[in-house]
Amino acid sequence: MLSAGKKIALISDVHGNIEALTAVMADIQAKNVDIIINLGDSVGYGPDPELCIDLLEQRCTTNLCGNHDYATLHHAEGFNPVAKAAVDYVREMMRPAPDETDTDKLRRWKFLENLMPLYELDDFEFMHGSPRQPITEYVLPSDPEMDPFKLESIFSAMSRRWAFVGHTHFPGVVEDDGDMFIMVDDLPDACYPLSERKAIINVGSVGQPRDHDIRSCYVIIENNLVTWQRVEYDVESTVAKINAHPILDEHSAYRLRLGR
Ligand SMILES: [Fe+2]
């Protein structure tokens with residue numbers, strides 16, 4: 001159980017969207033949170049990866065590695081062309097030269113290199129993807145119905161009772177032996193009370209929501225109650241930056257307007 005009185009904010013999938021991240025950080029600040037954990041994909045798709053890294057570095061207690069962060073450092077294997085182009089662009093812009101003297105550039109690259117795949121605290125474990133493959137594997141809303149064996153294996157890989165993930169950009173819960181993915185809309189007041197039952201909880205996305213709600217999504221845990229938060233931000237500013245960008249794809253802007 002979480003130490004009494006502690007309040008944790010969980011954010012994920014910021015994807016270089018500084019307007020969304022700034023709005024979420026203001027919301028978190030107003031809620032007197034003790035710890036902020038970032039579940040990864042800080043870069044990719046969006047126009048402001050550097051500003052996002054600066055704010056995440058300042059404000060988050062722990063920053064974890066997502067598949068886009070990993071791909072920026074290494075290679076974008078298995079990415080669709082839009083995602084790959086964005087990751088290749090971020091790498092080109094951010095990777096320090098061998099004789100680099102720009103200290104901000106060196107610091108931001110070090111931030112990416114230092115991202116951990118997994119973080120554990122009390123009865124919680126935190127990662128971007130899944131407890132079995134923390135950086136890359138998706139826990140899909142369709143898994144309980146379509147691939148129960150995969151979920152069984154993922155649950156058996158858990159070292160704590162509750163795992164918190166991002167990656168799909170789709171907020172909700174899957175419980176051990178559950179026969180369906182529980183969508184946040186089906187939870188009273190967008191709250192999930194943690195019980196004895198093992199569960200994998202998706203915190204949603206700050207910078208690119210895909211559940212048909214264009215507002216940023218994140219989670220607060222307090223007194224073993226998980227509550228999803230939605231925060232409005234200036235979507236059109238981000239859309240305008242992506243559309244004016246020489247490399248980023250207009251589809252990445254279009255989907256922000258639709259939340260999918
Ligand atoms: Fe992502």
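The paragraphs below go through this predicted model from the whole chain down to single residues.

The chain contains 9 helices and 12 strands. Along the principal axes, its C-alpha atoms fill a box of roughly 50 × 40 × 35 Å. A compact globule of 260 residues would have a radius of gyration near 18 Å, and the 17 Å of this chain agrees with that. Buried residues account for 42% of the 260 residues. Of the contacts between residues at least 6 apart in sequence, 73% join residues at least 24 apart.

Next comes a sheet. Strands of a sheet pair through backbone hydrogen bonds, and the pairing can be parallel or antiparallel. Here 6 strands form an open sheet with mixed pairing, in the order 4-5-6-10-7-8. Strand 4 (118-121) and strand 8 (182-183) are the edge strands, each pairing on one side only. Strand 4 is joined to strand 5 (residues 124-127) by 4 bridges in the antiparallel sense. In this pair, Glu-120 stands opposite Glu-125 of strand 5.

Both of these glutamates also meet a residue from elsewhere in the chain, Arg-160. Arg-160 sits in the loop between helix 7 (148-156) and strand 6 (162-165). Apart from residues up to four places away in sequence, Arg-160 touches Glu-120, Asp-123, Phe-124 and Glu-125. Is Arg-160 buried, exposed or partly exposed? A residue counts as buried with 20 or more other C-beta atoms within 10 Å and as exposed with 12 or fewer; Arg-160 has 15, so it is partly exposed. Arg-160 and Lys-198 are 38 residues apart in sequence, yet their C-alpha atoms are 8.3 Å apart in space.

Strand 1 (residues 7-11) pairs with strand 11 in the antiparallel sense over 4 bridges, and Lys-7 stands opposite Glu-222. Strand 11 also runs antiparallel to strand 12 (residues 225-231), with 7 bridges joining the two. One of the residue pairs here is Ile-220 with its bridge partner Thr-227 in strand 12. Strands 11 and 12 form a hairpin with 2 residues between them, and Asn-223 in the turn has a positive phi of about 50 degrees.

The largest nonpolar core has 62 residues, of which Leu-10, Ile-11, Leu-39, Phe-164, Ile-201 and Tyr-218 touch the most other members. Helix 1 (residues 18-30) gives the most to this core, with 6 residues. Leaving aside neighbours within four places in sequence, Phe-164 is in contact with Leu-10, Leu-39, Phe-124, Phe-126, Ile-201 and Val-203.

Which residues of helix 4 are buried? They are Ala-86, Val-87 and Val-90. Seen down the axis of helix 4, the buried residues fall within an arc of 95 degrees, so they line one face of the helix. The cover over these buried residues includes helix 2 (49-59), helix 3 (67-73) and helix 9 (250-258). On the other side of helix 4, Pro-81 and Glu-92 are exposed.

Conventions: Residues numbered from 1 in each chain as written. Predicted model: local features only at pLDDT ≥ 70, side-chain atom pairs only at ≥ 80, totals over all residues. Pairing = 2+ DSSP bridges. Arc of directions from axis to C-beta. Contact = placed C-beta atoms within 7 Å. Core = buried A, V, L, I, M, F, W, Y, C linked by C-beta atoms within 7 Å. Rg over C-alpha atoms; globule rule 2.2 N^0.38 Å.
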